[in-house]
Amino acid sequence: MKHAYFALDPAFGVGAVERRLFGSFVEHMGRSVYTGIYEPGHPAADESGLRRDVLGLARELGVSVVRYPGGNFVSNYHWEDGVGPRDSRPTRLDLAWRQIERNAFGLDEFMTWVRELGAEPMMAVNLGTRGLREACDLLEYANHPGGTHLSDLRGKNGAPEPYDIRLWCLGNEMDGPWQIGGKTAAEYGRLAAETAKAMRRVDPRVELIACGSSDRDMPTFGSWEATVLEHCYEHVDYISLHAYYDPAEQDRASFLASAVDMDDFISAVVATADHVGAKLGRRKKLKLSFDEWNVWSRSRFGGEDSLDWTEAPRLIEEDYDVTGAVVVGSLLISLLGHVDRVGIACQAQLANVIAPIRTEPGGPAWRQTIFHPFALTAAHARGRVLRVEPVAPRQETARYGDVPVLAATATYDAETGDVAIFAVNRDLAEPLALDVDLRGVPGLAVAEHVAIAEDDNTARNTQTAPDRVVPRRLDGARIDGDRLTAVLPPVSFNVVRLRKETPR
Ligand code: AHR
């Protein structure tokens, strides 16, 4: 059997586990909102139309932050259309996804929902067809205590207390040719800087996110970030990254190595941001907001122009299999491993649209395979992320050359003394024997080893078989002296939890 090895020592850490890494995303797109989280008249909906079954699953998923209302949708959105009495809200054309938007769900409904969920809101402002003035208006409506037209309007609409929303995205994917009101890097950089300055006047406590490239394969990747940040470095706190890994356009070994690409992408953006900071003579270091990431067979999407005017269509409702779940697990490992610089991450999206939760209108809600690695990681990553440097066999991939078969990270909770190891075996056929040196964390016992792994890697969860793929307990993980041994099945995501047994 192949072997891999690493050592754990709390003296070598990357940083504290950031709860904001377990973010998600709700866009007015397809059935993400309508018949996803919101469906008046559904048997599980409350009096506000919020589906309690979906809320329950989102809580179980462990979502900490939710980005809203887009995505591409935001670049043509008038937030005012979605507040106030429902019968006077206008029906509009959403140009991003060619949808009919009735505006039954808007900011106030979102805030009710996100508070019920117990998560932090992250709003995006429209810098496509609108600008600084409307962004400040929205912020005034959301966060100003009262005594002004817009803050009093919030009160009239049923929310006298300010929402106190801290996280604000300055537009979305402004480099994308598909974006309504897309910009050049210089145009956007100036707009982001001026909007940020004005928004901080409205509320100095906001944390602002500038748009990085929509994708690292964009022809302007790197130069976009550099130019944008030359204009707005001192006014923003984060630069965004988006990445979707496509199982349909590559071989399985390459797809399983997606996190190698994510690691590299993060390093490239850190280097670019730090280069601009150095050139500008700033000590401040920007953080990264990985505010859209997931697995998505994007090459199968026919493009925005292939869509026709409809309401809440079944749009990019990806069915995830075991391999997709293992890749999602490896992407979470990558994000945790960069917690020193990545401060926010949002899996895109939450319900129906490339999502861990699937629903049927008037019917059930269920967990897709990718639900499980997210829920396990959000539940068990506690304390500090340790520096893990695996020594592992390598395998050849068409896209990324030779890559390690093991992806791994670990967290150490100083309060309880417990350790959680998150590990992916990328090998398509062979199990991997893992050997961990625990001399730095003595006195541990194995609490459990759970894995997402099936003989059939194409297995999926469906409406009729919603629990075909679930985390399964594995036997065989042992601690002998200061060494942990465990066997990771081929194509698997694993969590090995170690409990503190004896005092140090
Ligand atoms: O998440 C789906 C879409 O992907 C978002 O609207 C956009 O920002 C990205 O291109």
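At the start of helix α9, a side-chain oxygen of D321 comes to within 3.2 Å of the backbone nitrogen of T323. That counts as a polar contact (a pair of N or O atoms within 3.5 Å; within protein, one must be able to donate a hydrogen and the other to accept it, and residues adjacent in sequence count only if both atoms are side-chain atoms). Keep in mind that this is a predicted model, where local features need pLDDT of at least 70 and side-chain atom pairs count only at pLDDT 80 or more, while totals for chains, interfaces and linings use all residues. Residues are numbered from 1 along each chain as its sequence is written, and side-chain values use heavy atoms, with hydrogens and water left out.

Now follow α9 itself. Helices (H or I, at least four residues) and strands (E, at least two) are DSSP runs, numbered from the N terminus. α9 has 16 residues and spans 23 Å from its first C-alpha to its last, close to the 22 Å expected at 1.5 Å a residue; the expected span is 1.5 Å times one less than the number of residues. Of its 16 residues, 15 are buried, meaning under 20% relative accessible area (1.4 Å probe, protein chains only).

Let's stop at S334, which sits in α9. Why does S334 count as buried? Because its relative accessibility is 5%. Leaving aside neighbours within four places in sequence, S334 is in contact (heavy atoms within 4.5 Å) with A259, M262, D263 and I266.

The elements giving two or more residues to the lining are α8 (258–279), α9, β17 (401–404) and β18 (406–412).

What about enclosed spaces? On a 1 Å grid over the protein atoms alone, a cavity is a set of points where a 1.4 Å probe fits but cannot get out, whereas a pocket is an open set with protein on both sides within 12 Å along at least five of seven lines; lining residues have an atom within 4 Å of a point. Grid points are joined across faces, edges and corners, and a volume is the space filled by probe spheres set on the points. The structure holds four cavities of 30 Å³ or more. The largest has about 80 Å³ of space, and its lining includes W79 and R130.

Methods:
Buried < 20%, exposed > 50% of the residue type's maximum accessible area, 1.4 Å probe, protein only.
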